[in-house]
Amino acid sequence: MTDLRPPKGFMFDLDGTLILSNRELGEYQVLPGAVDVLQTLEARGIPFLALTNGSAYAASVQAPKLRKVGLPIRDERLFTPNSVAAKVIRDRGFANVLVLGTQGVVDALKGHGIACCVATNESAGSADAVYVAWHPNCTMEDIHAACSRVMDGAAFLTASDVPFFATQAGPAFGYSCAICGAIARVTGKEPEVTGKPSIHAMDFVAAQLGLAAEDVWVIGDDPRVETEMAQAGGAIGIGVTSGTTSREEWAAQAPERRPHLVIETVGELLTGGYLPD
Ligand SMILES: [Mg+2]
């Protein structure tokens, strides 16, 4: 047990925390304890959700794939930076978003009712926001179009600004970070992140759970992603060692990325008696 503020709800990271995917994002392996924890939370009616920084698919596409490998997560409990981006775009009233991302990203935004285009569309020239997400086949035409719009005053948003994320085969390259680097170098403007560790993402999580951030335990494997978001947003940050970060590396984090508690896997939430009654 612990003297930490007890949780009223949980946010789980996906890669390195609940699952590991392969580098092509096609196959998943469920991490130890993940099934038991989610089943228990569901059975006890404790609020929880999963927020990945992966933007390759809409949640409604990814959740069924996760259930297929045994992770019991309903569509409505899974969120991506696309979900957060859609809220930011709606709130600010952007009319036409230039997307640097796969068809999966475009479909996800359209699924949220967002009007968007890609660089080869004529309407790209009038986009009032640029959104950079999972885009393994990004071309110079994409980067050029994005730079033109950002220099013309369009908002510059990205799903993730993290250079690497955990997979079964070790760290994989975060494409949006590299693409944003190119756009930032040219335009002199830095992107606004919609995924973790942004305050947009933390606010979104708390609102979805119907809780104050301080009552949420944010559980993840990356100090620069989940823990930094929890610390900045006033939530409780829990580090796991099942992904990119070892116990020694967790212990070496600066205060703004230091977890309140380190556990081996999410299964320890049960075995360690951390769930609320
Ligand atoms: Mg992770």
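This is a predicted model: local features need pLDDT of at least 70, side-chain atom pairs count only at pLDDT 80 or more; totals for chains, interfaces and linings use all residues.
Colleague: Which residues of H7 and H8 meet?

Modeller: On the H7 side they are Ile199, Ala201 and Met202, and on the H8 side they are Met229, Ala232 and Gly233.

Colleague: What makes the contact of H7 with H8 count as 5 nonpolar and 1 polar, with no charged residues?

Modeller: Ile, Ala and Met count as nonpolar while Gly counts as polar, and the residues that meet include Gly233; therefore the contact is given as 5 nonpolar, 1 polar and no charged residues.

Colleague: How is the protein divided into domains?

Modeller: Domain 1 covers 9–81 + 196–271 and domain 2 covers 84–193, with their C-alpha centres 23 Å apart.

Colleague: How do you know that domain 1 and domain 2 touch, and what does H7 give to that side of domain 1?

Modeller: Residues are in contact if their C-beta atoms lie within 7 Å, and 26 residues of domain 1 are in contact with 24 residues of domain 2. Strand S2 (19–21), helix H2 (59–68), H7 and H8 each give two or more residues to this side of domain 1, and the largest share, 3 residues, comes from H7. By class, this side has 9 nonpolar, 13 polar and 4 charged residues.

Definitions and conventions
Residues are numbered from 1 along each chain as its sequence is written. Two residues are in contact if their C-beta atoms, placed from the backbone, lie within 7 Å. Helices (H or I, at least four residues) and strands (E, at least two) are DSSP runs, numbered from the N terminus. Domain bounds come from an automatic or database domain assignment.
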